[in-house]
Amino acid sequence: MEPDTLSRRDFVRLASLTGVLAATELPSLPAESAAKLKGVVIGHTGRGDYGHGLEGIFNSRSNVEVVALADPDSEGRAKVAAKIGAPRRYADYREMLEKERPNLVSIAMRQADLHHVIAMAALQAGAHIYCEKPFVTAPNESDELLVEADKRGRKTAVAHTMRMMPVVVLLKQAIAEGLIGDVQELRAFGKQDARAGGEDMMVLGSHLFDLLRLFLGDPLWCTARVMWQGRDIAPGDRRSVKDNVGYVAGDEVFAQFAFPSGVNATFTSSAKLRETVGHWGIEFFGSKGAARINCDIAPNVFVRRSTDWKSEGKTDAWEPLAAMLVKSPPPQNLGPVGDWLDAIAKNREPECSGRNGAWAVEMVMGVYRAGLSGNRVRFPLIVRGHPLATG
C-alpha cells in the first residue's frame, strides 16, 4: 500500500481501521509462549525463482525461526539463504523436510507445476503451507491437497494477497454499505501484455477470479470463447510457458460468469484491448455509481459517480476511494501471512485459504471447458482434470 494511493490522512485512518501493520509490528500469536515454530523456504532459482517476497515471509516474526532453505541451484541457494538468514541449505526439498521436520513451509517458486508434489510432501511431513499462486494446475490436484490438509489438521494458504490489501478491504466494506448502490455487474480485465489470453488468465486472472469470489460469492456457471490466432481453440493448441503454470491456450479470452442474486461478471484478455482498457483490474457497476480496482502488489481503488449525458458529453470522473466513505471500520487485518499464522494458532480457516486458491484455478479450468465445448459449464466442475490435458 502506497501512502499516495489515498490522502495521507485517509491512509493513516485506513491503516488504523483495518489493523494493518508492518511485519515487525504484527501481534504475537496466542501460542507464542511455547517453543518457536520452525519455518523453511522452498524455491528453485532458474525455474520459477521466488514469488514476490515469499522467501522472506518468516523474517521479523518473533514466534518463527527460519531453519533452512531448499533450492536446487547452488548459486541461488547461497544467495537467498544469506538474504533470509537460513542457517542450513539443501539442494533437495525432500531431504530438508525429512531432516528439519518444519512446522511451516513457504512454497515460493512461481512454477505451479511443482506446487502439488511439493505441497503434498510438506503436508505429509506435518507442516502448514503458504504457497505462491496459482495454487496448482488443475482442480484434481487441489482436491488431493485439501483432503490431505484436512486429514492432518494443517492450514493451507495461497498468496492471493490482494483480497487482504487495506484498500480492497475498505472497498468491500463500502460496497456492502451501499457506496455504489445495488451491484449489478463486474468486468475484469487481464494485464493483456505479451501473455494475453490463457497465460494471462492463469497467472494474473487467478488474482481477479479470487477477487470476484470475494465480492460476489461462488460462481454458478460460466460461458466462454477462447481463441488462438483468430479461431476457437482446440485441445491441440495447448502449450507450456516459461513460468510453468500447467497447460495454457489461446491469445484471446472472453468469459462470462453467473453469480448468485442475478449478478454477472466478465473476464477479458486480449492484447488488442491493452491501450483501450488500460490497467489490469476490475470495474464494479452498481445502480448508483461505479468503482475500480487497479490491481498491483499495492492495488489502487477509485470510485465514480454517474452524471447525465449532455450536449458536450459526460463529466464522470474517477476519484481515489476515501476512508471517510466507510461508515463503520472493517475487521482487523493481520495481512496474508499474519492471518495464516493466526489461523494456525486459533485453528480456523485463513482468509487467503487453499480453498479460495483452489476456486481460482477451478474458474480458469471452467473457462477452458466452456470454450472447448461451446456450452455453459456449471460449478463445481464434474470433470476435475485439466481440460487441455487430453486430445
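This is a predicted model: local features need pLDDT of at least 70, side-chain atom pairs count only at pLDDT 80 or more; totals for chains, interfaces and linings use all residues.
Student: Why is the arrangement of Tyr 130 and Trp 340 called a tilted aromatic pair?
Tutor: Rings of Phe, Tyr and Trp (its six-membered ring) pair if their centres lie within 6.5 Å, and planes under 30 degrees apart count as stacked, over 60 as edge-to-face and the rest as tilted. The centres of Tyr 130 and Trp 340 are 5.5 Å apart and their planes make an angle of 55°, so the rings pair and the pair falls into the tilted class. A search of the whole structure finds seven aromatic pairs.

Student: How do you know whether Tyr 130 and Trp 340 are buried or exposed?
Tutor: Buried means under 20% relative accessible area, exposed over 50%, and partly exposed in between, with a 1.4 Å probe and protein chains only. Tyr 130 has 2% relative accessibility and therefore counts as buried, and Trp 340, at 0%, counts as buried too.

Student: Why is the charged end of Arg 376 said to sit over the ring of Trp 221?
Tutor: A charge sits over a ring if NZ of Lys or CZ of Arg is within 6 Å of the ring centre and within 35 degrees of the ring normal. The charged end of Arg 376 is 3.6 Å from the centre of the Trp 221 ring, and that of Arg 238 sits over the ring of Tyr 247 at 4.9 Å from its centre.

Student: What makes β3 and β6 the edge strands of the sheet?
Tutor: Two strands pair if DSSP finds at least two bridges between them. Six strands form an open sheet in the order β3-β2-β1-β4-β5-β6, with parallel pairing, and β3 (88–90) and β6 (156–158) are its edges, as each pairs on one side only. The twist averages 20° from one strand to the next.

Student: What makes a group of residues a nonpolar core, and which residues have the most contacts inside the largest one?
Tutor: A nonpolar core is a set of buried Ala, Val, Leu, Ile, Met, Phe, Trp, Tyr and Cys residues joined through side-chain atoms within 4.5 Å. The largest has 91 residues, and those with the most contacts inside it are Leu 171, Phe 209, Phe 257, Phe 284 and Tyr 368. Helix α11 (residues 354–373) gives the most to this core, with ten residues.

Student: Why is helix α6 called mostly covered?
Tutor: In α6 (residues 166–176), nine of the eleven residues are buried, and among them are Leu 170, Leu 171 and Gln 173.

Student: Why does Gln 192 count as buried, and what does this residue touch?
Tutor: Gln 192 has a relative accessible area of 1%, which means that it is buried, and its place is in the loop between β7 (183–189) and α7 (198–203). Contact means heavy atoms within 4.5 Å, and, not counting residues up to four places away in sequence, Gln 192 touches residues including Asp 200, Thr 268 and Arg 274.

Methods
Residues are numbered from 1 along each chain as its sequence is written. Side-chain values use heavy atoms; hydrogens and water are left out. Helices (H or I, at least four residues) and strands (E, at least two) are DSSP runs, numbered from the N terminus. Axes are lines fitted to C-alpha atoms, for helices over the stretch in contact, and angles run from 0 to 180 degrees between N-to-C directions.
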